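Subject: A structure for you to explore

Hello,

Here is the structure I promised to pass on to you. Please open it next to this email and look up each residue as you read.

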Amino acid sequence: MAIQKKKKVAAAAVAAPEDPKKAVKRPVEASAPTPKKKKKVVVKNGGDVSAKKKKVVKKVKKVTEEEEEPVEKEVSKLQLLDDDDEEGLDGLDFTQQEGSDDDDLRDDYSDDDDDDLPIEKKSAALDKKKEKILKEGEEELQLNIANQATFELPSVEEIENEMKSVPNLEIIKQRIADVIQVLGDFKNRRDPAKSRTQYVEVLKKDLCSQYGYNDYLMGKFMDLFPNGAELLEFLEANDNPRPVTIRANSLKVKRRDLAKNLINRGMNVDPAAEWTKVGLVVYDSQVPVGATPEYLAGHYMIQGLNSLLPVMALAPQPGDRVLDMCSAPGGKTSHIAALMKNSGTLFANDASFDRCRAIIGNLHRLGVNNAVVCNLGGEEFSKIKPNGFDRILLDAPCSGTGVIWKDQSVKTSKDSQDVQRRHTVQRQLILSALDSLDANSPNGGYLVYSTCSVLVEENEAVVNFLLERRHCELVPTGLAIGVDGYTRFRDYRFHPSLSMTKRYYPHVHNIDGFYVAKIKKLSNAKMSKQAVLEMEKEKASAKSQKKKQAAEEAEDSEEESGDEEKAQNGKANGKAEAGKKKNKKKGGDDSDDDEDVETAPMKNIGSGARANKKRRNQKKAAAKQAAVKEDDGFNTVGNVKRAKKPTQFKSKVPKRAAARTGAKSVKNRRKKMLAKQQP
């Protein structure tokens, strides 16, 4: 039996496939080429086989003959096996299975197109294999989706009952993921009996219980981030603290030197970002960051990266008059002073007296010399010093929805009334700040408005309110990072230029939530841009009408003067004729009488040009006086009546001659007085 099986194995080895390429790639045990294969290779090559290919065929023959001997030795060794082992040999199959990957590659490689290079054939085979794998993966995905169990949405009442007891966070987390998945493909995965609003309500309840927010704030965040995955990233980022960052005080030290000193102190610091030249991030420290000798010497200020952005947008210049309306605790104020190089005038104001103490302490420590600390309400500056500043920074008080990680009480304490009170104060402050700016400043007239909030009501809505009520416009902030502001949000439509404002999110930029807008004041008029344009149009039309009226009056006066001249000439001619007749009658009058008669009527004879010119000059003077009265001092330059210079007496006698005669007369008077006094 064993010998017969061995013969079968040898026969199987002899009965190899006729394809020469496959025969070369098969294992040694199954490679026994026949003479027919050699003929096929020659015929396939068209009989024009080169000498090198013939040598290769001969080498293949020698290799196959040498490999037949170990096959025979293996067959002889198989005789020593038992019958049980013989039965196990029946299952052996030395031929390759159909449909294997190697067969696919071999079939792709052995295409009929002989013009392609071998590497091209291999790449085509790999591409086909990749397409096959992708197709199988897509089929598996569709199968998993089809076999996936449908999500059953619980009612709001059931969720409220769950919240009364101790909630299971794992179940809530899984339900949040399922609802977000359903909302992502609502048409295919929804429950026909449930609406989208029901899914959204369930998601809001679960998010509130998972992250600890009230319904109002969670609704605002869901409106702000309609994408469920982005919303979860934002909520997770609000619970994680931001990295500790410091700002190098350029008035005392450079950032490079400060970093070396802090590293020697045992702090691990690196440059904070590419867009700032003064920021450093502290990874870990062996000493307290706020108690090092460098901190006490004023070499740096512990400050978030988000507070650097509004000062960079403001870009104060040396010598400017700058106001920081809400400056406590003084980080932004000291940054402004550093950019101004301690020149110009800097007003640091805050409404809280206790916070003003912190401003004074930080400014003294950081070496700021050009600052004036004020304790006033922001609304007072438009009354105290209107149009008195070149640049103003307004970091308005806000709800703090961008720095929730610092104060977790914001999650439950903020409601609609609180946000409404905040944005009402913000609108008053931004109007007062713009009224305090000088639009005619040579390198100023800029206002930077910023908040540490992400709500639209406190950001875009406030800036849009200012654009509607004052003559100003938005300009680019000049910041390299940030998301563009909203020009349309749900049902609200804002000015298109609000896209130049910048938004910052903790899950995108790894800094606190922030908003920055830069505004340029165009005129000192306390009215909107449209009102200013309408007023200018009215003034231009009034001027044109006045000019037309003046031209018409001049024409009428010229016509009247012409008529009067004609009448006067007629009367003079009549009188002259009458005088001539009288002279003829008398015949013996003196020549003087004749001259009087002839010259008397000549006083009224003339063209009237001087009188008309005098009238025109009087009308021009009256028009200038009226323009001075109507000028409001905001937009038009106006015609200011200059005072006439007093006429000086000019003597015809030269100065030296006058002085000489004067001195002589004085001497003579003195001599006379002395002569009288002497006896």
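This is a predicted model: local features need pLDDT of at least 70, side-chain atom pairs count only at pLDDT 80 or more; totals for chains, interfaces and linings use all residues.

Residues are numbered from 1 along each chain as its sequence is written, and side-chain values use heavy atoms, with hydrogens and water left out.

**The whole protein**

The protein has 27 helices and 15 strands. Both are DSSP runs numbered from the N terminus: helices are H or I with at least four residues, strands are E with at least two. Of the 679 residues, 33% are buried. Buried means under 20% relative accessible area, exposed means over 50%, and partly exposed lies in between (1.4 Å probe, protein chains only). The protein exposes about 43,300 Å², and carbon and sulfur atoms supply 52% of that area. Such areas come from the Shrake-Rupley method with a 1.4 Å probe; for residues, only the protein chains shown count as cover. A contact means heavy atoms within 4.5 Å. Among contacts between residues at least 6 apart in sequence, 69% join residues at least 24 apart.

**Helix H12**

Helix H12 covers residues 215-224, and its buried residues are Leu217, Met218, Gly219, Phe221, Met222 and Leu224. These buried residues pack against several elements, among them helix H11 (196-211), helix H13 (228-239) and strand S14 (502-504).

**Salt bridges**

How many salt bridges does a search of the whole structure find? The search finds 18. A salt bridge here is a side-chain nitrogen of Lys or Arg within 4 Å of a carboxyl oxygen of Asp or Glu.

- Arginine 355 pairs with aspartate 350, with the closest N and O atoms 3.7 Å apart. Arginine 355 is partly exposed at 43% relative accessible area, whereas aspartate 350 is buried at 8%.
- Lysine 406 pairs with aspartate 512, with the closest N and O atoms 3.8 Å apart. This pair links distant parts of the chain, 106 residues apart: lysine 406 is in the loop between strand S8 (391-395) and H20, and aspartate 512 is in the loop between helix H23 (506-509) and strand S15 (514-521). Lysine 406 is exposed, because its relative accessible area is 56%, while aspartate 512 is buried at 5%.
- Arginine 470 meets aspartate 435 at 2.9 Å, N to O. Arginine 470 is in the loop between helix H22 (460-469) and strand S10 (472-475), and aspartate 435 is in helix H21 (residues 416-435), 35 residues apart. Both residues of this pair are buried.

Arg321, Asp390 and Asp438 are also linked, in a network of salt bridges.

**Glutamine 303**

Is glutamine 303 buried or exposed? Glutamine 303 counts as buried, because its relative accessibility is 7%. Glutamine 303 is found in the loop between strand S4 (300-302) and helix H16 (308-314). Leaving aside neighbours within four places in sequence, glutamine 303 is in contact with Thr245, Ile246, Arg247, Leu308, Gly331 and Lys332. Alanine 248 is 55 residues from glutamine 303 in sequence, and the two are 9.8 Å apart in space, C-alpha to C-alpha.

Happy exploring!
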